[in-house]
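Welcome, and please open the structure in your viewer. We will take it one selection at a time.

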Amino acid sequence: MDNTKVILGPFDVALEEPVYFKIEPNSDGKTIKMVDMINGFVHRGIESIVLQRNFLQNLIITEKVCALCSNNHPFTYCMAVEKIAGLSLPERALYLRVVADEIKRIASHLFNLGMLAHLIHNKALMTQFLEAREDFQDLKESIWGNRMDLSANTIGGVKFDLDATLIASIQTTLDKNKSKIEAFIALFETDATLITRLRGVGVLGYEDALRLGVVGPVARASGVNNDVRKRSPYAAYDQLSFDVVLQQDGDVLSRAKVRLYEILESMKLLHQALDALPTGDVVLPTRTLIPEGEAISRTEAPRGELVYYLKTNGTQKPERMKWRVPTYMNWEALKVMMPNNNIDDVALIFNSIDPCISCTER
Amino acid sequence: MKSLHVKLNDALNTLKLGCHFNAQGDSLWCEIDDKKLLLQLAEILQTMNARVCMITAYQKDEAHELVYHFDLDGMMLNVKLYITDKSVPSITPLFKSADWTERELSEIYGIAILNHPNPKRLFLDEAIKEAVLSEYYSLSSAMSGKVSQALWSRVKAAEGSNRG
């Protein structure tokens, strides 16, 4: 097996996004000795494009950076603009931002779990995950008119409002799916076949997770609490109660369980936010010119911490805008997770960091 | 926030580093123009178990400014470094979390990262010269996945040279 390299990619490793794995196998020819990645297939230079657009146009550009975290990009970007302009938002807008974000999080986690089921060839389970997700897709469509890009945020508030019918439809969807999620959790906690297949695969220990600075469910599955919603609360999260889900094993199974339990926490958050939804405006009534300044903001996207830095110079276009997406921090962790696992499991481990490549490369 | 702010500035005073953090909004900011000081600050933050969230670079007149964004216990610390010679010491030996973001600013702004353990390109093809942000490139030539006549002629040329 000397000098054999296994090449995976650049297309269709786990998802329809391009990354190129160069795998050096151990002498048995079946397990991984070392892995290297080549990225950059979907680098679009968006950080340069945003400098040529004004602050409102950039709402649309940031929403297009990623599909699954599409709500968090304009959300975090708005937070940075609002900090520079010194805007304080209506309470109702802060709660509605939480509602949009948590619905997106549930749908995103269910999609990732569906892909996991697909990669272990459990098509029945995959169907169940995607069916549950479909309810949330429908919900998004009925509230925002779109299944992926919600266009929920704007500078100074949100672009949508919820009436009694929509609130009831969210509550119905949550109630209908809660027992399904609990059944999935029971499956992942007790089903011997599933556990044998996923336990001990792609392990990232606590120390490595700290050292690499990984974020989101990947960090929390290794026992590291980086949840921005708790550590550095924004919007209405400091007024709502929820638990950060932590697991200790750091394997594919733990990451799946973190996502499953987090869906329940998101449901809890949604119920609270809807019950306590303040009355009033959903957006500030006047538009503001954005003064010179700089700000940094961050939110907890479904994949983890999303950071935006914005520098303005008094014109209505950014002077510099930079963001770092959650997956960006989790790539290097693959080099720790993959060695000594089966080559067959590359896609499974890769999927477990919930990769977003169009996000990472921008 | 206040206690961390005070604790941090006390530590900097004790070590006589000649810089301090100011609170601005919900995060702390510090401006420096000495690269040695950056490494000293990084070492202190590393012992406090901070992590690197991101590094922003931008052109300022003829020089560059780099903003290092650290997370310390949920607080964002921003260290702004002013550089004039397009080179900066790497903090990746101290913070593995800085690896990618240093390589990215290096290829986009042509800033040399000294002492980086893995200094290869991150996203951009080797054929593209550094400091890409100051020039116009068509999308298909900027991405590694170029699917064009240019790629095809490179494949054919390589084929020719392999066959000698």
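**First stop: a pair of helices**

Select H4(A) and H5(A): H4(A) passes H5(A) in a left-handed crossing (the near helix is turned anticlockwise from the far one by less than a right angle; clockwise would be right-handed). This is a predicted model, where local features need pLDDT of at least 70, side-chain atom pairs count only at pLDDT 80 or more, and totals for chains, interfaces and linings use all residues. Residues are numbered from 1 along each chain as its sequence is written, with chains lettered from A and ligands numbered from 1 in the order in which they are written.

H4 covers residues 91-119 of chain A and H5 residues 123-144 of chain A, and they pack at about 160 degrees with axes 8 Å apart. That angle makes H4(A) roughly antiparallel to H5(A) (over 145 degrees). Helices here are DSSP runs of H or I, at least four residues, and strands are E runs of at least two, numbered from the N terminus. Axes are lines fitted to C-alpha atoms, for helices over the stretch in contact, and angles run from 0 to 180 degrees between N-to-C directions.

Now show side chains: A:Phe111 and A:Leu110 are among the H4(A) residues that meet H5(A), whose own include A:Phe129 and A:Phe136. Contact means C-beta atoms, placed from the backbone, within 7 Å.

**Second stop: another pair**

Next, select residues 164-190 (H6) and 252-275 (H11) of chain A, which pack at about 155 degrees, axes 10 Å apart. They are therefore roughly antiparallel, and their crossing is left-handed.

**Last stop: chain B**

Finally, show both chains: 30 residues from chain A and 28 residues from chain B form the contact. On the chain A side, H12(A) gives the largest share, four residues.

Note on methods: Two residues are in contact if their C-beta atoms, placed from the backbone, lie within 7 Å. Angles under 35 degrees count as roughly parallel, over 145 as roughly antiparallel, 65 to 115 as roughly perpendicular and the rest as oblique.
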